[in-house]
Amino acid sequence: MEKIHNPILRGFHPDPSIVRVGKDYYIATSTFEWWPGIRIHHSRDLIHWELIGYPLTRISQLDLRGVGPSQGIWAPCLTWDNGTFYLVYTVVKAFYCNMYDTENYLVTAPDIHGPWSEPSALNNFGFDPSLFHDDDGRKYMVSMVTDHRIPKKYAGRLILQEYDPEKRCMTGPVRDIYKADRIFLEGPHIFKHNTWYYLFSADTGTGEAHGQTIQRSKNIWGPYEMYRPSDPFRQDGEAFSILTSRHHKDNPLQKAGHCDLVETPEGEWYAVHLCGRPSGRKNPTDFPRFPGCRRYMLGRETAIQKMRWTEDGWLELDPDGASENETIQKHEWDGNGTKPSCYNTPFVYVKAPECAISSLSEGTSESDGPETTEDHPFYRDDFESEQLALDYQSLRIPMDEHYLSLSARPGWLRMYGRSGLSSRFSQTLIARRMTEYHMTAETCVSFEPEIFKQMAGLILMYDTDNYLYLHISRDEDVGKCITLLKAENKSYKYLTDYIPIEEDRDIILRLAIHETSAQFFYGYRNSILIPAGDAIDVSFLSDEACQEGWFTGTMIGICCQDLTGFGKCADFDWFEVRPEEGKASLNP
């Protein structure tokens with residue numbers, strides 16, 4: 001039986017929204033402060049996924065200059081209706097404060113590849129907006145509501161308002177459709193099945209207590225009744241989650257929740273959801289935030305589950321075809337060794353849809369596919385193209401000719417040094433996701449700095465306050481040199497001395513990650529690389545350990561700074577980011 005192996009989008013890919021148009025499936029995921037905005041993946045079989053682009057590619061659509069770590073683009077919702085793609089999303093401008101700024105927008109396009117429209121402003125009551133297209137042609141937006149009052153009036157609140165597609169704005173009254181004293185809901189979606197409207201929402205934050213609830217009503221405005229599936233592990237006051245890992249710490253897919261639904265042409269139902277694979281490290285028990293919590297270096301990822309409808313019209317996880325998981329999920333069996341009537345913890349291996357199984361039996365493939373398909377993964381970039389590969393993202397701004405060039409030195413990427421690594425406005429950096437706990441990265445740099453304020457190199461980073469930076473620079477006493485800088489929650493130190501290196505020679509910089517330990521290396525072409533310092537515990541580059549932002553994931557990048565303002569350039573011959581063979585496992 002053909003299986004889907006979770007996570008389907010590995011590394012930092014949170015808040016998935018899925019839509020099917022004909023035989024094509026598309027998933028949109030959050031990008032936060034990383035540019036361009038919102039990643040779109042495509043599949044024909046729900047097994048193989050290919051990154052195909054970003055809808056928000058112009059400053060006129062998205063200006064992230066100045067936003068803090070883990071702010072920016074939150075929880076996109078991708079839908080399709082009558083020949084048009086609709087994408088709603090939040091731009092968070094202020095979050096770690098009392099009064100949140102959560103600006104909600106809509107862009108549209110006739111084709112998934114664009115061109116996408118300029119944004120239309122929606123309401124700003126809260127984040128995680130979702131657009132629903134009703135059978136009668138009317139459209140509605142649902143979102144959660146933030147509350148700055150002390151204490152908050154409600155623990156969780158969802159609102160609904162109609163959207164006018166002709167005027168491209170919200171219209172009519174704003175009404176509460178969910179209010180609760182104890183259960184917090186976010187990431188809501190509305191969909192219709194038979195005669196029922198279903199309200200599908202994430203519950204209980206985005207950490208290890210995360211889950212997914214479902215409610216229904218005969219009227220889109222409510223009142224909504226919540227499904228209350230039996231769960232012997234559920235405690236009083238918890239959400240009634242139809243998907244969660246909160247009671248089962250041994251499940252490889254933790255933080256399960258924030259779902260969206262799709263129906264296949266054959267009438268099968270699947271839910272995409274975010275999840276996380278924990279590292280083997282935890283925060284100290286006296287840590288200022290999330291004491292004792294496990295650390296998730298890869299961030300929140302995207303997984304998929306097969307769903308089924310119950311006889312009385314509720315949706316739940318479908319264990320059909322998931323027998324390989326029964327050893328992992330032995331906690332789902334009762335004391336007599338019989339299966340329970342309802343599963344709610346995620347499966348690692350999921351039965352593929354009938355269309356995928358039929359396609360494989362006929363010898364056809366999902367896609368002719370460019371370099372990013374599973375058969376031809378994008379690992380090494382020799383910078384021979386006229387454009388950067390889609391997998392790269394930069395921080396907050398596009399990397400235009402002011403920051404880099406692929407033509408100034410053909411076959412190389414030229415990066416012009418700009419602001420420092422703490423800048424939220426204008427730094428020269430491109431990065432790719434850390435997708436496994438066993439990875440290597442390598443680059444070759446041609447760089448002749450004139451002063452210590454000029455730097456270029458290889459970086460492992462979570463955000464502008466947390467990174468490890470192996471870089472070339474110059475010291476007054478040593479000359480041209482290599483050093484390794486560590487930033488941990490705005491605490492900075494060098495982990496090596498200033499190591500002298502030869503003038504006018506290209507330098508190889510390398511990084512090897514094994515579980516939560518990283519070793520950096522340096523050297524010259526065609527020579528043995530030398531360790532740069534000792535192996536380092538890098539688990540601080542995680543959702544739980546970073547003290548300002550905690551919604552993204554660890555990235556591996558190359559960058560250049562010139563704090564003199566003169567724009568000294570560095571040339572990169574290649575950049576390679578590769579999971580170790582045989583190490584793409586569920587956890588370390």
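Strands are DSSP runs of E with at least two residues, numbered from the N terminus. By that numbering, P223 falls in the loop between β17 (211-217) and β18 (225-226). The model described here is predicted.

**Salt bridges**

- The count of salt bridges comes to 42.
- D15 and R300 form one of them, with their closest N and O atoms 3.6 Å apart. This pair links distant parts of the chain, 285 residues apart. D15 belongs to the loop between β1 (3-5) and β2 (17-21), while R300 belongs to the loop between β21 (269-276) and β22 (301-309). Both D15 and R300 are buried.
- R246 and E238 also meet through their side chains in a salt bridge, at 3.5 Å from N to O. Both R246 and E238 are buried.
- A further salt bridge joins R474 to E503, where the closest N and O atoms are 2.8 Å apart. R474 lies in strand β32 (residues 466-475) and E503 in the loop between β35 (499-500) and β36 (507-514), so the pair ties together parts that are 29 residues apart in sequence.

**An open sheet of four strands**

- Four strands, in the order β11-β12-β13-β14, make up an open sheet with antiparallel pairing.
- At the edges are β11 (130-133) and β14 (169-180), each of which pairs on one side only.
- Direction ignored, neighbouring strands of this sheet are turned by 25° against each other on average.
- β13 (residues 156-164) pairs with β14 in the antiparallel sense over eight bridges. Y163 has M170, in β14, as its bridge partner.

**Cavities**

- The count of cavities of 30 Å³ or more comes to three.
- The largest cavity has a volume of about 40 Å³.
- Its lining consists of P229, D231, R234, E238, A239, F240, S241, T244, R246, H247 and N344. E238 and R246, both in this lining, are the partners of the salt bridge at 3.5 Å.
- Sorted by class, the lining of the largest cavity has three nonpolar, four polar and four charged residues.

**Cis peptide bonds**

- I150 and P151 are joined by a cis peptide bond, with omega about -5°. P151 is in the loop between β12 (139-144) and β13.
- The peptide bond from G222 to P223 is likewise cis, and its omega is near 5°.

- D504 is not a glycine, yet its phi is positive, at about 55°. This residue is found in the loop between β35 and β36, the loop that also holds E503. D504 is exposed because its relative accessible area is 67%, and exposed means over 50%.
- E515, also not a glycine, has a positive phi of about 60°. The loop between β36 and β37 (517-524) contains E515. With a relative accessible area of 41%, E515 is partly exposed.

Methods
Residues numbered from 1 in each chain as written. Predicted model: local features only at pLDDT ≥ 70, side-chain atom pairs only at ≥ 80, totals over all residues. Heavy atoms only, no water. Salt bridge = Lys/Arg side-chain N within 4 Å of Asp/Glu carboxyl O. Buried < 20%, exposed > 50% of the residue type's maximum accessible area, 1.4 Å probe, protein only. Pairing = 2+ DSSP bridges. Axes fitted to C-alpha atoms, helices over the stretch in contact; angles between N-to-C directions. 1 Å grid on protein atoms, 1.4 Å probe; cavity = no way out; pocket = protein on both sides within 12 Å on 5 of 7 lines; lining within 4 Å. Points joined across faces, edges and corners; volume = space filled by probe spheres on them. Nonpolar A, V, L, I, M, F, W, Y, C, P; charged D, E, K, R; others polar.
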